[in-house]
Amino acid sequence: MMLSRIAESLYWMARHLERVDNTARILDINVIHMLEADDGITEAMQWTPLLAIVGMDECYADFYPDGQITVQRVIHLLTQDRHNPGCLYNSLKLARENARAVRDRISNAMWETLNQFWLTTDRHLAATLPPWRAAEFYAFVHREVATFFGLSQSTMMRSPAYGFTMLGSLQERADMTARILDVRYHLLLPDLSLVGSPLDYYQWGALLKSLSGFESYRRQYQNGIRPIDVVEFVVLEPNYPRSLSYCLEGMERAFQRIGHRPDGAVAERLYALREHLSGVAARDILDQGLHEYLDEFLVRLADFSEALQSDYFDADPGDGSGVMS
Amino acid sequence: MLTPFQSAGLGRLPAHSEASTIAFHEFYGDDFRPRDHYLPMWEHIQIAGQQMLRAKTRDAHLALHSEGVTFTVYSDTDEGIERVWPFDILPRIIPASDWTHIESGIKQRILALNLFLKDLYHGQQILKDGVVPPELIYRGKDFRHEIIDIDPPHDIYTHISGVDLIRDEDGRYLVLEDNLRTPSGVSYMIENRIIERRILPEFFARYRVRRVEHYPALLLQALRHLSPRGADAAVIVVLTPGVFNSAYFEHTFLAKEMGVELAEGRDLVCRNDKVYLKTTLGLCQVDVIYRRVDDDFLDPLVFREDSALGVAGVINAWRKGHVALANAPGAGIADDKAVYAYVPEIIRYYLGEEPILDSVPTYQMTDPQDRAYVLDNLQTMVVKAVAESGGYGMLMGPSSTAIQRAEFTRRITENPRNYIAQPVIQISRHLCYLEGELESRHLDLRPFSIYGSGIEVVPGGLTRVAMTRGSLVVNSSQGGGSKDTWVLAD
């Protein structure tokens, strides 16, 4: 038996923490990439897509009405601006607050890691993070998040608590993978006739690096970087741990751990996601339009999230159905 | 009918004064040698030297820190500060014969107070017989009209109590107050023992100390005993106000030790006069709630409607007998500080026995003569708000300022039922190892008792120490510390 409130906190703890990692990842890659950008590429060109990926283009416009896009501003807004609820700092704060509420459900080692991570970050981000120090900070973030999830795998009972933790982490990861691919792909490949040809090694390398998939991709595909292979790898490759396919499989496994609700909708929603990913090849996806395909994936992912909320977290059926003894 | 202690005549007796009396010393006898039961420990300290105490103290603090044994101090400025539990490594030792006296005295008191509560919420015979003045009860903040005629399981109201004891200048154990609502501190009693045993195994080897760590098992047993659906089917929860409560550590501790859920009000819901836990697999019926939420906040439908900490409908479920609540709502009237003065009479009335443990002389502020005397002598008095605990709302006469005394004079005059006064008692002292020195500090004792199929007093308790030299205030919320408490087996 598990309290809904506890389950929800575990889920959000993991989701926020995964988001912390993802935010650091895309910022990190962009910062590095910026250093070697071709002439004629402006800061705005570099950083606008990133705002689109994390869905903060409007937020940015609100914070900076002059519309000027600079690296320092983007880093500040996404990393540490306290007024931006979606920034890395606030995500980490929420992850830690959720963890505090479930302290007796996660191992001491997990709690201490996260708590220490938060305290250090809070201290570190008291001052503005300059771009030249950003890479170092993001590397620290990756290490801490990896330690936390590593500990969760090595110290948590494979109980419902573990299931909700994994669901939070994998859902957030699938969401971010889909967004990164969607936004980058269209910026890099305005012309669909180029789908089969090798492209800008650095640009596409950056895309794969922001998904921690560069080396694995290189090992798998020796033909340079081809958009169709990238799509296959990032969407469908079941063994690549950030692919949509991999995330979904993990979510299906996690779902087995949290217990089935006969009246619930989660199983159905997971099936809808599975249906979307199976029986298609990269070519089919590109033919129907990658953007449309990923968009549909995100819609189904949101449906899943909604079902999880109503099946497991809002356990309050007014009519007394779902009462167990 | 008045008890000897609160008769108006007391006001004209020679008052206690700091100069004329010296606090009893637990450790040293009158000849300035350690008392017999401290000799084995003292010999050990002399052989090992103070160096050892220093190292052990450091170990103890490190252990408490890393384990996160903390409590929260409320302050006006923010939501509370988390502090590491202050712990003195020298144990307080209680000989077996003292304990027999304490134990039988507490059992007698708890038994009588439960009969009293049952009577107050049913026929009120004790009021009709004029033993306790009715207006004292009716005007008491913690008398709950809403629960009159409800029959709690087995007629038990105070499943868990923590009666505070002090020792007066002659070493007599006196009851300072009966904590019958949601007394806290039991987790620290156990943590103190765990730390002490790890830090000072060599001390333990020289004594036969009775165990205290089975408290959560006793509590679980008592809670299961209350289950409307039988002990085996019992679903039990600890109800906490949440992470910002000063005793949150303890709530977590008890839930973990008993292996039951730690729930907040929002985790529970009532349907058809039954209480359910909101779980990931649906609603799950709850049989017993060990609630650490005050009466006021327990049920917004019955008590304070602005409470977000409680469960709407829980009192009705309790009335119908579908859920058990520990402690019962309304139990607080029996530890009201103004009712306290009548406890000896209450014991005589229900049990036909003389009280085994004495009480502290208490002045009723509703009595004009008592009040006049107290207001004239505030400097030698402790004034307490009757419905407060934790050392809040209290005036310590001897250390008070003129402004504070004026403030209390105003408050007492405005609302006399809300205050009582007691002469300052020089409560007993004990040797403590503080900041590298052996020093004497005042302390008290809170043993914990559980009323299940019978009344059990766990042999030990929380000894609280005033960390400031000369201070008589031991509350953790006021900067007090603690000691492990050893009750000897023989």
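Is B:Asn272 buried or exposed? B:Asn272 is exposed, because 12 other C-beta atoms lie within 10 Å; the cut-offs are 12 or fewer for exposed, 20 or more for buried and partly exposed in between, with C-beta atoms placed from the backbone.

This is a predicted model, in which local features need pLDDT of at least 70 and side-chain atom pairs count only at pLDDT 80 or more, while totals for chains, interfaces and linings use all residues. Residues are numbered from 1 along each chain as its sequence is written, and chains are lettered from A and ligands numbered from 1 in the order in which they are written.

Stay on B:Asn272, which has a positive phi of about 50 degrees although it is not a glycine. Its place is the loop between strands S8 (268–271) and S9 (274–279) of chain B; helices (H or I, at least four residues) and strands (E, at least two) are DSSP runs numbered from the N terminus.

Next, select B:Phe32, in the segment before helix H1 (39–48) of chain B. This non-glycine residue also has a positive phi, about 60 degrees, and counts as exposed with 7 C-beta neighbours inside 10 Å.

Move to B:Val323. Its contacts (C-beta atoms, placed from the backbone, within 7 Å) include B:Val275, B:Val286 and B:Trp318, not counting residues up to four places away in sequence.

B:Val323 is also among the residues touching the most other members of the largest nonpolar core, which has 227 residues. Such a core is a set of buried Ala, Val, Leu, Ile, Met, Phe, Trp, Tyr and Cys residues joined through C-beta atoms within 7 Å. Helix H1 (residues 4–35) of chain A gives the largest share of this core, 13 residues.

Finally, select B:Ala326 and B:Asn327: the peptide bond from the former to the latter is cis, with omega near -10 degrees.

Key:
Two residues are in contact if their C-beta atoms, placed from the backbone, lie within 7 Å.
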